[in-house]
Structure formats: structure tokens, C-alpha cells
Amino acid sequence: MHSERETSKLGVIERYREYLPVNESTPIVSLGEGTTPLVFCPRLSERVGRAVFVKNEGVNPTGSFKDRGMTVAVSKSMERKAKALICASTGNTSASAAAYAARAGISCAVVLPVGKIATGKLLQAFVCGAKIVALEGNFDDALRIVRELGEQRDLAVVNSINPDRIAGQKTAAFEIIDDMGDAPDFHLLPVGNAGNITAYWAGYREYHARERSTKLPAMIGFQAAGAAPIFYNRIVEKPETMASAIRIGNPASWKQARAAITESHGAIDVVSDEELLAAQAWLAQHEGIFVEPASAAPVAGLFKCCDSKEAAYSFHKIPEESQIVCTVTGHGLKDPDVITTQMKELKSVPATVNDVRRAVGL
Ligand SMILES: *Cc1c(COP(=O)(O)O)cnc(C)c1O
């Protein structure tokens with residue numbers, strides 16, 4: 001079958017071309033990203049007493065929202081005839097960059113903090129043929145070095161400091177408004193390097209300015225308690241959390257995140273690793289949505305907003321007819337190690353109907 005389009009599903013550049021920095025001479029590198037499900041969650045809504053929708057970004061081509069920005073960043077890099085792509089990554093950026101580089105036929109180097117990358121994400125970068133550099137340092141060190149290399153050579157840096165990444169990622173806000181008919185009242189999401197909160201806020205404002213929505217949501221970001229520079233308002237030298245995607249001590253888009261929170265009358269808050277793991281399991285068991293630990297932050301945060309007096313933002317004063325969107329950023333299969341340690345060892349049973357019936361407990 002031949003088609004003018006790259007994929008049978010519209011990628012974000014084709015769907016939102018007029019809002020993106022592309023023209024006729026931009027070679028479009030797409031894997032059919034975006035148009036992810038906005039899932040109404042009845043049990044989550046019941047638990048918090050307000051309508052809650054989950055924007056499931058884990059179903060993007062490489063399993064995270066990074067693909068929305070990567071399609072634009074890689075397409076623009078090809079237009080500028082870059083020699084190669086390079087990025088620092090906590091995992092998902094490298095998985096996405098490697099896949100889009102393979103698709104574009106350009107080489108890609110990823111600089112990762114040694115021993116700190118979830119298994120699935122490392123596999124993704126490897127299988128797509130990226131050059132993997134294991135750095136003796138953390139993500140912030142990796143980004144510092146990549147930035148310097150990007151200035152010196154003909155390399156396209158595809159981290160979220162690249163404005164094309166932010167431009168692509170804002171399409172998630174467009175999709176939410178297109179699906180709901182208007183913006184939600186609250187938007188909750190995890191915050192690491194703070195590119196995504198920056199992108200969503202840009203997207204919401206842009207659609208509002210073009211009268212595609214009547215309101216703007218309050219942006220509420222959640223950091224892991226051991227890696228919460230924006231919440232504590234200081235650089236964290238040794239960020240610690242099992243949610244590796246948000247293990248960042250000095251966010252690149254710190255100022256923009258602050259602006260998004262202030263302008264939208266939102267908030268920044270923290271959740272502990274225990275709260276993250278509990279929310280991850282709860283979402284899988286009650287709504288069937290399996291996300292990686294960092295992605296459970298908005299759900300853990302939502303519970304905190306509703307249950308805890310210590311929350312930076314309390315939902316007690318919020319009208320019950322409010323609509324809430326939580327972005328879950330990445331797929332649970334990327335980081336199986338956390339769950340593996342919780343799993344009980346399986347005992348085998350003989351292959352008879354009676355044994356299986358007994359084992360099932362029916
Ligand atoms: C990158 C990432 C984040 C953090 O996004 P920022 O734009 O860096 O704030 C959160 N969750 C997942 C799964 C990610 O891959």
C-alpha cells in the first residue's frame with residue numbers, strides 16, 4: 001500500500017502543522033506519535049470526588065511523551081543537515097532519540113548516567129543502534145557535557161533545551177482540548193527537567209489565544225521528594241528517587257516551570273517514593289493503566305491534594321464539578337525491575353482441571 005503519509009495514523013506534525021515550526025522543505029520524520037487516549041477513570045474519579053481523566057502518553061511509539069517533541073526536533077535537525085544527534089538522558093529521551101534517528105537514517109549518541117537507567121529504556125536505545133556512553137556522573141553532568149559538545153560540533157542536541165522539542169510536546173495540550181471541547185480546570189503532571197510542564201502551558205495558552213478554549217487550567221507539578229529542586233527552590237546536588245525519569249537536581253526549564261505555575265495559579269509539590277509506588281499499583285489495579293514510577297506522580301499527587309493537609313494545593317475548596325487531567329508520561333514495561341521485586345514467586349501446579357481449579361480458588 002502506498003500513501004503520501006508516513007504512517008496510517010497522523011503524527012503530531014501532520015495533525016498540528018499550522019502550530020509547529022515546519023515548512024514544505026522540512027523532511028518529516030514521524031512514527032505516528034501523538035493522538036494518545038484521554039481515558040476517563042471512574043474509580044479514580046470516585047475516590048477523589050471529581051471527574052479525572054488520564055492522558056496516557058505511554059502508548060506513544062517508544063512508550064513515552066518524548067516522541068511528540070522528538071518528531072519535531074529530528075525533522076528540524078534533518079532540515080538543517082545536522083551530522084548526528086546527541087542527547088543526555090535519564091532514559092526515555094535516549095529511547096526516543098535512538099528510534100527517530102534510526103527512522104531518519106542519521107547516527108545518534110546518548111549520554112547516560114552509569115547504572116541509573118531503567119532496563120527497558122536502555123534496551124530501546126541499544127536495539128535502535130544508538131552509540132551509548134555510560135557517564136560517571138548524574139543526569140545534570142550529562143546535560144552539561146552534551147550542551148558543550150553541541151556548541152562545538154555539528155551535532156543537534158535533542159534534549160528539551162531544544163525549542164523544537166517543546167513545540168512538539170505542546171500538541172498534547174491541543175489534543176486534550178480537542179477531545180474535551182475545552183481545557184480542564186486542573187492539569188497534573190510529573191516534573192523532572194520541566195520541559196513538559198513548560199510545553200503544556202505553552203499549548204494551553206496558544207489554543208486559548210486562538211479561541212479554541214474558554215479557560216486555562218491550573219498547572220500542578222509533582223517532583224519526587226528526593227529530587228525536588230523547584231519545590232525547595234534550590235539545586236539538589238545528589239537527587240535520589242527510584243523514579244529515574246524525574247531524578248534531576250537542576251532542571252533546564254526551571255524558570256519556565258515557575259512561570260507556568262505562577263501564571264496559571266497552580267502549584268508545585270512533592271511525593272515520596274512510597275506514594276509513587278502505591279499510586280502506580282493503584283492505577284494498574286483499579287483502572288488497568290500500567291505506568292512507570294515517575295508517571296504515577298500526578299496520581300500520587302492527586303491523592304495528596306485530596307487527603308493531606310500538608311499538600312501545597314488542597315482540593316477541598318475546589319468545586320466538585322471540576323475536571324482534572326493527569327498526564328501519565330511513560331509505559332510501565334520500561335522499568336520492570338521495581339515491580340519484579342514485589343512479585344511473589346510462582347508455584348507450578350500439575351496439568352489437571354482439578355489442580356488448576358484449586359489454584360485459581362474458584
Ligand atoms: C522525561 C520524563 C519526565 C519528566 O519530564 P520533564 O519534561 O523532564 O519534566 C517524566 N516522566 C517520564 C516518563 C519521562 O520520560
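**Note on the domain interface and side-chain pairs**

1. The model is a predicted one.

2. On contacts: domain 1 contributes 49 residues, which are in contact with 37 residues of domain 2. The size of an interface is often expressed as the accessible area that is lost when the parts come together. Here, about 3400 Å² is buried between domain 1 and domain 2, and carbon and sulfur atoms give 49% of that area. Within domain 1, the residues that lose the most area to domain 2 are V29, R165 and K334; together they make up 26% of what that side buries.

3. On polar pairing across the interface: the rule finds 27 residue pairs in polar contact between domain 1 and domain 2, both residues being at pLDDT 80 or more. It also finds 4 salt bridges across the interface of these two domains.

4. Which elements give two or more residues to the side of domain 1 that touches domain 2? They are α1 (12-15), α7 (163-169) and α8 (171-180). The largest share comes from α7, with 4 residues. By class, this side of domain 1 has 17 nonpolar, 19 polar and 13 charged residues.

5. On salt bridges in the structure as a whole: there are 21. One of them joins R80 and D164, with the closest N and O atoms 3.3 Å apart. Another salt bridge is formed by the side chains of K116 and E240, at 3.8 Å from N to O.

6. On aromatic pairs: the structure holds 12. A pair of aromatic rings is described by two quantities, the distance of the centres and the angle of the planes. Why does the pair of W282 and F303 count as edge-to-face? The planes of the two rings stand at 75 degrees, with the centres 5.4 Å apart; the pair is edge-to-face because planes over 60 degrees apart count as such. W282 is in helix α12 (residues 273-287) and F303 is in helix α13 (residues 297-307), so the pair ties together parts 21 residues apart in sequence.

Terms used
Residues numbered from 1 in each chain as written. Predicted model: local features only at pLDDT ≥ 70, side-chain atom pairs only at ≥ 80, totals over all residues. Heavy atoms only, no water. Contact = heavy atoms within 4.5 Å. Buried area = accessible area lost by both parts, 1.4 Å probe. Polar contact = N/O pair within 3.5 Å; in protein donor to acceptor, adjacent residues only side chain to side chain. Nonpolar A, V, L, I, M, F, W, Y, C, P; charged D, E, K, R; others polar. Phe/Tyr/Trp six-rings, centres within 6.5 Å; stacked < 30°, edge-to-face > 60°.
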